[in-house]
Amino acid sequence: MKKPGYYSSGEFARMAHVTLRTIRYYDKHAILKPSLVTESGARFYTDADFARLQQILLLKYLGFSLDDIREMTINDSDYHFMADSLNLQLKLVRDRIEQMQLVEKAIQDTAEAIQTEHTIDWSKMLNLIHLTGMEKSLKNQYQNASNISARINLHSLYSTNKQGWFPWIYDQCQIRPGMEILEVGCGDGTLWTSNLSRIPADIHITLSDISEGMLRDTRRALGSEDGRFSFRPFDCSWIPFEDERFDLVIANHVLFYCEDIPAVCREVRRVLKPDGRFLCSAYGSRHMKEVSQLVQDFDDRIVLSANKLYERFGRENGSEILSPFFSRITWQLYEDSLLVPEPEPLISYILSCHGNQNQYLLDHYKEFRSYVAKKTAGGFRISKDAGIFLCAK
């Protein structure tokens with residue numbers, strides 16, 4: 001007997017304006033499983049399943065393969081996941097619009113060249129082919145944006161230090177009018193969007209990231225018409241600026257991801273003015289240790305990070321790594337902890353990590369969600385061990 005609030009496969013397909021064959025295909029390939037399967041094998045869906053179907057259909061429209069979609073979506077209708085998903089989908093749509101505008105211009109330029117010069121500029125044609133293949137980078141961009149959003153969201157919601165990490169970082173920068181500032185690995189630009197009203201008018205800030213997608217997100221968030229900011233994609237092991245250009249260089253949670261940290265330090269020192277400063281953040285060995293223990297207790301095969309980032313560059317060894325390149329190196333701790341009262345933001349954070357967790361959690365998602373819900377019911381406390389090194393040239 002059909003339960004109230006449940007739709008048969010056929011009803012669900014008609015309401016969603018897709019074919020029953022499509023619904024069955026998504027079920028068979030574990031992309032969209034029904035909320036209820038009866039003993040007789042009848043499959044039923046709920047209103048909550050429409051949210052996941054919407055996400056699947058939009059990602060498919062944007063050019064992602066079904067294998068990609070399976071990796072990029074979570075079967076959870078909680079408002080945290082839905083809101084985050086919609087925000088990231090909006091970014092992807094805007095990126096696709098920008099890409100198609102570039103494709104449009106490339107086609108126009110090539111067509112005009114053929115008409116006026118009666119020849120084909122093969123470099124422009126190759127550029128067009130390159131642009132039409134840009135969707136291959138969207139998956140990584142989506143995942144990077146999703147990961148950054150999940151990490152920032154957990155801290156912004158539940159930090160016991162109410163000042164917040166990014167306003168605190170801004171205070172440590174001691175920004176004054178007339179400064180030339182470079183941020184390497186700027187991510188989505190939250191340092192600046194969260195302090196926008198505090199930034200002097202007479203200043204120039206160059207934001208860089210190895211990901212052009214991240215820079216597009218940052219440019220949109222800050223507004224391309226804001227003359228205080230410029231945007232340059234590059235790898236920070238080779239900074240494309242002249243010597244002694246900047247008063248301040250910022251690397252917020254960046255150095256431990258760099259393949260050649262000494263090369264980055266050399267480049268930062270080179271582009272700093274003689275009295276310039278370098279601000280770089282890092283974690284210590286105790287940072288978020290309760291989260292690792294949480295997932296290990298659920299499944300001891302899970303490792304949230306294949307590499308311990310603080311061992312590459314952290315609170316304990318940062319001064320030693322920086323000392324060949326900078327003087328007057330000081331560590332400043334950001335006093336903080338987290339008290340998490342609900343499971344969803346914590347689960348998002350866990351799934352955003354760079355380890356093997358998805359291999360073991362996604363197939364047991366409902367069980368894991370129930371486990372985390374019990375752990376957070378009375379408030380789950382998480383230690384933080386993060387801060388900044390302030391260095392003089």
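The report below goes from the whole chain to the cysteines and then to one helix.

This is a predicted model, in which local features need pLDDT of at least 70, side-chain atom pairs count only at pLDDT 80 or more, and totals for chains, interfaces and linings use all residues. Residues are numbered from 1 along each chain as its sequence is written, and side-chain values use heavy atoms, with hydrogens and water left out.

The protein chain has 17 helices and twelve strands, taken as DSSP runs (helices H or I, at least four residues; strands E, at least two) numbered from the N terminus. Of its 393 residues, 49% count as buried, where buried means under 20% relative accessible area, exposed over 50% and partly exposed in between, with a 1.4 Å probe and protein chains only.

A search of the whole structure finds zero disulfides, a disulfide being a pair of cysteine sulfur atoms within 2.5 Å. The sulfur of Cys280 has its closest cysteine sulfur in Cys391, at 4.7 Å, which is too far for a bond. Both cysteines are listed here with their accessibility.

| Residue | Relative accessible area |
|---|---|
| Cys280 | 0%, buried |
| Cys391 | 2%, buried |

Helix α10 covers residues 212–222, and its buried residues are Gly213, Met214, Leu215, Arg216, Asp217, Thr218 and Leu222. Just after α10, Gly223 takes a positive phi of about 95 degrees.
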